[in-house]
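Hi,

Here is the structure I promised to pass on.

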There are 2 protein chains.
Amino acid sequence: MDRNFTFLNSISNISEEAFSEVKKISTFKKIEAGTQIVKLSDVPSKAYMLVSGIIRCYVITESGKEFNKSFYLPVSFAASLTALMKRKPSVFVFEALTDCKIYEIDYYKLMRLCDTNSNLKNLYTKVLEFLYVKYEKRLVESITLNATERYLQLKKEIPNVDELISQYQIASYLGITAVQLSRIRKKVS
Amino acid sequence: MDRNFTFLNSISNISEEAFSEVKKISTFKKIEAGTQIVKLSDVPSKAYMLVSGIIRCYVITESGKEFNKSFYLPVSFAASLTALMKRKPSVFVFEALTDCKIYEIDYYKLMRLCDTNSNLKNLYTKVLEFLYVKYEKRLVESITLNATERYLQLKKEIPNVDELISQYQIASYLGITAVQLSRIRKKVS
DNA sequence: TTAGTTAATTAACAAATGTTAATTTTTAAG
DNA sequence: CTTAAAAATTAACATTTGTTAATTAACTAA
């Protein structure tokens, strides 16, 4: 049995036929560390399923600072979803932090499949619900927790985050400087 | 023509039949300022459409501090969505800041309607997409902007926010103290 | 209007975080 | 192993924000 079918099926039941339709609009790719699969101001047309490696999604402020919005670990979906939904340029960059294996999925073809296949429509809805829950949680954490607590929360979600992801990238995710993260690490250890 | 039909139809085209089905599972209510339509640790079953007044949604930390996650102005949907989706107790309180007029909609009956009515399913998906865009934006702002910039951003979204909502409530939304908001107001004026 | 209450501002000091630069540690390349 | 480059830590000082308490302003009820 296909591992990816099992993964999708665990989110929402889909038929093997529906899975086979999705396969037809997907391309397996190996990408190198540093590759930007979604570039700044690109009008994207693809969503991604990450099966190995780590991807980060970041935004650049007017003053040129980078802030990581998300880290993606396998298996997960990564996409500049707002840009896809609105057919607008992406304000986010999606960049491989390590060599990665991904499936590139044509978002608009997927939406066409959803129009006629309620299995897939349900899957898409489930993914949207999952993302809603995820970002609502992040938002509440970013308002209610201080930087130390946010760091401990991240470590709870990704226990070996310190080995996987560099200090600068973690600090950028937490919304603090690398110097401050260093102080926090000293304090909590 | 029904105003509410026009509103829903502007999000995603629905038939008059579908609208009439939704009406059947909805109840119009007038609530007083201070009323909690979703209480802490309630397992909710309703979603709300706000047609007049202001509602806030807040979370309470372990140390007892309140943080506002959202303000709702008419016309908008308000619901403890994560709790509804997971059938779990709500970590949020939804409370009327002023007298309000609302439609109370049975979420699970709505989901049943979505199962058989693709119009409504599309509407639900559109609302989820809208919420995704909204919270992603808030999250990015909360990470990339300082308190002063977040305050100015809120004023851009709700120009008369200072008259509508008290200092304490605004500060709680921004994730700062009322004292700090007072300093910021002095600085930016 | 007046007294009492609540909301907002201000002040003084403490704690957290930013900025810049120097230093140390780790990693990578030869 | 040695050296160069990158990453992480530390230090010193500035800025932002929190905390507590006092003061002022605005609102409410009698």
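To begin with the naming of elements: helices (H or I, at least four residues) and strands (E, at least two) are DSSP runs, numbered from the N terminus. Within helix α4 (residues 107–116) of chain A, D115(A) and R112(A) sit three residues apart, about one turn of the helix. These two residues form a salt bridge, with 3.0 Å between the closest N and O atoms; the term stands for a side-chain nitrogen of Lys or Arg within 4 Å of a carboxyl oxygen of Asp or Glu. Over all chains, that rule gives a count of 24 salt bridges.

Please keep in mind that this is a predicted model, in which local features need pLDDT of at least 70 and side-chain atom pairs count only at pLDDT 80 or more, while totals for chains, interfaces and linings use all residues. Residues are numbered from 1 along each chain as its sequence is written, chains are lettered from A and ligands numbered from 1 in the order in which they are written, and side-chain values use heavy atoms, with hydrogens and water left out.

**How the two protein chains meet**

Chain A can be superposed on chain B with an RMSD of 0.1 Å, by a turn of 180° and a shift of 0.0 Å along the axis (least squares on the C-alpha atoms of residues with pLDDT of at least 70 in both copies). This is the relation of a two-fold axis. Both copies use the same surface, since 100% of the contact residues of chain A recur in chain B. Contact here means heavy atoms within 4.5 Å, and 31 residues of chain A are in contact with 31 residues of chain B.

About 2,800 Å² is buried between chain A and chain B, and carbon and sulfur atoms give 73% of that area. Buried area is the accessible area (1.4 Å probe) that two parts lose on being put together, summed over both. Y132(A), L139(A) and I143(A) supply 24% of what chain A buries against chain B, more than any other three residues.

Two salt bridges are counted between chain A and chain B. K69(A) forms one with E136(B), where the closest N and O atoms are 2.8 Å apart. On the side of chain A that touches chain B, β5 (66–72), α3 (81–86), α5 (118–144) and α8 of chain A each supply at least two residues. The element that gives the most to this side is α5(A), with 17 residues. By class, the side has 16 nonpolar, nine polar and six charged residues (Ala, Val, Leu, Ile, Met, Phe, Trp, Tyr, Cys and Pro count as nonpolar, Asp, Glu, Lys and Arg as charged, and the others, Gly among them, as polar).

A residue is near a strand if one of its heavy atoms lies within 4 Å of it. Around DNA strand C there are 15 residues, of which T177(A), Q180(A), R183(A), Q167(B) and K186(B) come nearest. Of the atoms of DNA strand C that come within 4 Å of the protein, 64% belong to sugar and phosphate. With five residues, α9(B) gives the most to the surface near DNA strand C.

For DNA strand D, the nearest of the 16 residues around it are Q167(A), R183(A), T177(B), Q180(B) and R183(B). A polar side-chain atom of Q180(B) lies 2.8 Å from a phosphate oxygen of DNA strand D, while R183(A) has a side-chain N or O atom 3.0 Å from a base nitrogen of DNA strand D. The largest share of the surface near DNA strand D comes from α9(A), with five residues.

**Two backbone details**

Most residues other than glycine have a negative phi, and most peptide bonds are trans. The peptide bond joining P74(A) and V75(A) is cis, with omega about -10°, and V75(A) lies in the loop between β5 and β6 (76–78) of chain A. S41(A), which is not a glycine, has a positive phi of about 75°.

Best wishes

Definitions and conventions:
Polar contact = N/O pair within 3.5 Å; in protein donor to acceptor, adjacent residues only side chain to side chain.
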